[in-house]
Amino acid sequence: MGPAGNTKLRPAWAVLRFACAAVLLCGLLAPAKMAWADEGASSSDASSQQEVDPSNRINPRQTPDNSFLYDTSIDELVQADSSYQGNYVQVVGEVVGDSLVAEEDPGCHWITLESLETGSSSSISVLIDDKYLGYIDAYGRYNQVGTKLQVRGTFYLTCPSHEGIMDIHAESVQLVENGIKEHEQFDIATFIPGIVLVAFGIALTFLYNYLHEKER
Amino acid sequence: MWQRFTLYDFRVIGHYLGVLLVFEAVAMAAPVLVALIFQEWNPASRYLLGAGIALTLGTGLRMLRISPGRLSRQQAIGVTGFAWIVLSAVSAIPLAMSMHYDSYPNALFDAVSAFTTTDASVLVDINHVSHSDNMWRFIMNFVGGVGLVVVAMSFGIMGNSTSSLYSSEGRGEHVLPNVVQTARFIFRFAISVILIATILIGTVLLVLGMQPDRAYLHGIWLAMASFMTAGLTPMATSVTYYHSLAVEGILMVLMVYGGINFALQNEIWHGRPRMFLRDNEVQAGVVWWLVMLLVFITAACGSALANGLPVLMRTGLFTFVSAATTTGFTMFTSNQLAVLYPSGAVLVLALVMAVGASAGSTAGGIKLNRIAIVVKSAVETMRSTVSPDSARIVTNYSHIGKRRLGEDEVKAAMTVLILFISTYAIGALAGIAYGYDATSAITESVAMASNSGMSTGIVSPVMPEGLRVIYILEMWAGRLEFVTLLALACKIFVSVKPRGLGRRRRG
């Protein structure tokens, strides 16, 4: 067989090689395509089940959300750092002292809430609407436990409306517990040591004066 | 050569300490009366007991020397030096018996703090303190601010030995030629100012909604605390409790007034304001405060949260005036001071506290007059350096009359300046050694020794015992401006040292 015989077979081999390559390629691609088909089928299923809410898109420029209610204590707020500025907080405390007219906020009063922690004097000023004053039946003083209130509002480490003081602008106030007025009983026995010592001191004074006159 | 105290000296000192204790017993009648009016039976019994202890102890001490005669200068130093700590120790007894102090040392700290008008407090649950306890704390402020000895002299109970006592309490200027007249003037002047201020503040608080009894009680307490440049308040939130521009304005005027020399106030009172305006100390004070206020505002502007104009004008200015007059009222919590203000602004406050206000006033610190004298001396030195050898440099200045700058004034000013700075440094190092940060330790030490009391939070019921003792000593020494106390310490040391010890060593 000469070159003429080979020449007749070349085109056939080329076609055969091409066909094999094509089959091989199809064999490789088919599973992937089937996977896409699956994905295409599942996503289309999901979208058919739930409509996409355009308002539920993530805004990458959004700052941390301050509308989260932070249940905290007065002690913690008094030691707060600047990250607490403007936070919406909830605290419980005892109303102490007095309620004073807010000069710069008509219709509001200032109260002072004291921490309920034993041994703590931490206090914070709270600006409340006048309508909540009726909740307060007693102010914490000597021999008097003040009304306990739960206050929700915006905490300011340095208040821009009130010359930089630390305060809470209350948005809602709830009564937790009424105040207690204690009546101190008069007990003469507690006065006896003092009376005895004062009497002794006065007697000594007379003795001193007598000795002083005698020395003259 | 140090002269020892003899047994006779101790008896005389004991006698006069007894006189002051009897006076304290009478003063305790005020909280007893307040307690009876408001039916605070427990405080009434405590202060009655305290009065009994003071009266018994005082009369017993008086018997050490029935007729003591005239006080020598050395004995006067002993009386003045011991008086502050002895009276504080007895004052602390009824306080310690209340529920507001964990221990007697804490009550003693508060009593010393009140008498020295420092008013850094370790009291617990201040919002529930009785009216009588508060009244006693503010009476201690008043007596300490005017001066224990001055108050006693104004009542004529110190006998003939007045001049040496007056000067040993750190008062160098005579308002009137006679020391007793001076003491009476200061006492009556202070009472008058406090009375007027009480009516003003009480009326404002009444308008704000306080009950009348509380309004005028708070009025008298705030009036005492501000004019005596003490800084004590009956509520935990200090001046911010009142949320009132009017109250803050009145307090600022009173603080500045309390920081002015009583002798100069007498000149104004008698229609001679020119002497006030020409006064070296007043001029130095104006320049110093303006410069430091500018630096403070500039430093505070560095804070993101404290740079608004309303914040600076109201709370910043109030805080500055409170520090400069060594009063110690705060419109910021110690946490706000640490978080909001740059350390530079806090150190500016420490610096103005360190210098203080006018000599012969109720304020503490090194005093503006001494700084002015030191600066004038430095200028004079520079002038003499650049002048020919034959030139004679004389520096005149005006301070309650015309004066010539002499070596004695410069020496006295430099001595006290060095002692103050050393004490600030020692107290600061002690705070640092106990683990506190440097800015807080420095500011706290200055607040104690200058009797301003503007605390950064180190002073608390749980502060270390060693630091409490150091701060008590700082307050005591600062109030007496060191010389009296150091002289007393040296004399006691020499008195207890066995005789012949030095001679044996030399042999």
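**Figure 1. Salt bridge between Arg141(A) and Asp98(A) in the predicted model.** In this predicted model, Arg141(A) pairs with Asp98(A) through a salt bridge whose closest N and O atoms lie 3.6 Å apart. Over all chains, a search of the whole structure finds eleven salt bridges.

Figure 2. Chain A contains three helices and eight strands, which follow the order α-β-α-β-β-β-β-β-β-β-α from the N terminus. Of its 216 residues, 34% count as buried. Among contacts between residues at least 6 apart in sequence, 53% join residues at least 24 apart. The average pLDDT of chain A is 82, and 71% of the residues score at least 70. In residues 1-6 of chain A the pLDDT is below 50, and the model shows zero contacts for this stretch beyond near neighbours in sequence. Residues 31-49 of chain A likewise have pLDDT under 50, with zero contacts beyond four places in sequence.

**Figure 3. Nonpolar surface patch of chain A.** Phe186(A), Ile188(A), Ile192(A), Ile195(A) and Val196(A) form a nonpolar patch on the surface, and their accessible area together is about 470 Å². One of these residues, Ile192(A), lies in helix 3 (residues 192-215) of chain A. Ile192(A) counts as partly exposed because its relative accessibility is 44%. Chain A as a whole exposes about 13,800 Å², of which carbon and sulfur atoms supply 59%.

Figure 4. Leu61(B) is located in helix 3 (residues 41-62) of chain B, and Arg65(B) in the loop between helix 3 and helix 4 (73-96). Leu61(B) is partly exposed, since its relative accessible area is 23%; Arg65(B), with a relative accessible area of 24%, is partly exposed. Beyond four places in sequence, Leu61(B) touches Gly14(B), His15(B), Leu17(B), Gly18(B) and Leu21(B). Arg65(B), leaving aside neighbours within four places, is in contact with Tyr8(B), Arg11(B), Val12(B) and His15(B). The C-alpha atoms of Leu61(B) and Tyr16(B) are separated by 8.0 Å, although the two residues are 45 residues apart along the chain. From Arg65(B) to Ala92(B), 27 residues apart in sequence, the C-alpha to C-alpha distance is 26 Å.

Figure 5. Most residues other than glycine have a negative phi. His243(B) has a positive phi, near 50°, and is found in the loop between helix 10 (212-227) and helix 11 (245-258) of chain B. With a relative accessible area of 7%, His243(B) is buried. Thr326(B) also has a positive phi, near 55°; its place is in the loop between helix 15 (309-324) and helix 16 (334-340) of chain B. Thr326(B) counts as buried because its relative accessibility is 0%.

Figure 6. Arg272(B) forms a salt bridge with Glu267(B), with 2.5 Å between the closest N and O atoms. Arg272(B) is partly exposed at 41% relative accessibility, whereas Glu267(B) is buried, with a relative accessible area of 10%. A further salt bridge joins Arg468(B) to Glu465(B), where the closest N and O atoms are 2.6 Å apart. Because these two residues are three residues apart in helix 21 (residues 465-479) of chain B, about one helical turn separates Arg468(B) and Glu465(B). Arg468(B) is buried, its relative accessible area being 4%, and Glu465(B) is partly exposed at 48% relative accessibility. Elsewhere, salt bridges that share partners join Glu104(A), Glu163(A), Glu248(B) and Arg314(B) into one network.

**Figure 7. Domains of chain B.** The domain assignment of chain B gives domain 1 (7-258) and domain 2 (272-415). The centres of domain 1 and domain 2, taken over C-alpha atoms, are separated by 27 Å. Between these domains, 27 residues of domain 1 are in contact with 21 residues of domain 2. Chain B has a mean pLDDT of 89, and 93% of its residues reach 70 or more. For the model, the scores are ipTM 0.89 and pTM 0.87.

Definitions and conventions: Residues are numbered from 1 along each chain as its sequence is written. Chains are lettered from A and ligands numbered from 1 in the order in which they are written. This is a predicted model: local features need pLDDT of at least 70, side-chain atom pairs count only at pLDDT 80 or more; totals for chains, interfaces and linings use all residues. Side-chain values use heavy atoms; hydrogens and water are left out. pLDDT is the predictor's confidence in each residue, from 0 to 100. Contact means heavy atoms within 4.5 Å. Helices (H or I, at least four residues) and strands (E, at least two) are DSSP runs, numbered from the N terminus. Buried means under 20% relative accessible area, exposed over 50%, partly exposed in between (1.4 Å probe, protein chains only). Accessible areas come from the Shrake-Rupley method with a 1.4 Å probe; for residues, only the protein chains shown count as cover. Patches are made of residues with over 30% relative accessible area and no salt bridge: like charges are joined within 9 Å, nonpolar side chains (Val, Leu, Ile, Met, Phe, Trp, Tyr) within 5 Å. A salt bridge is a side-chain nitrogen of Lys or Arg within 4 Å of a carboxyl oxygen of Asp or Glu. Domain bounds come from an automatic or database domain assignment.
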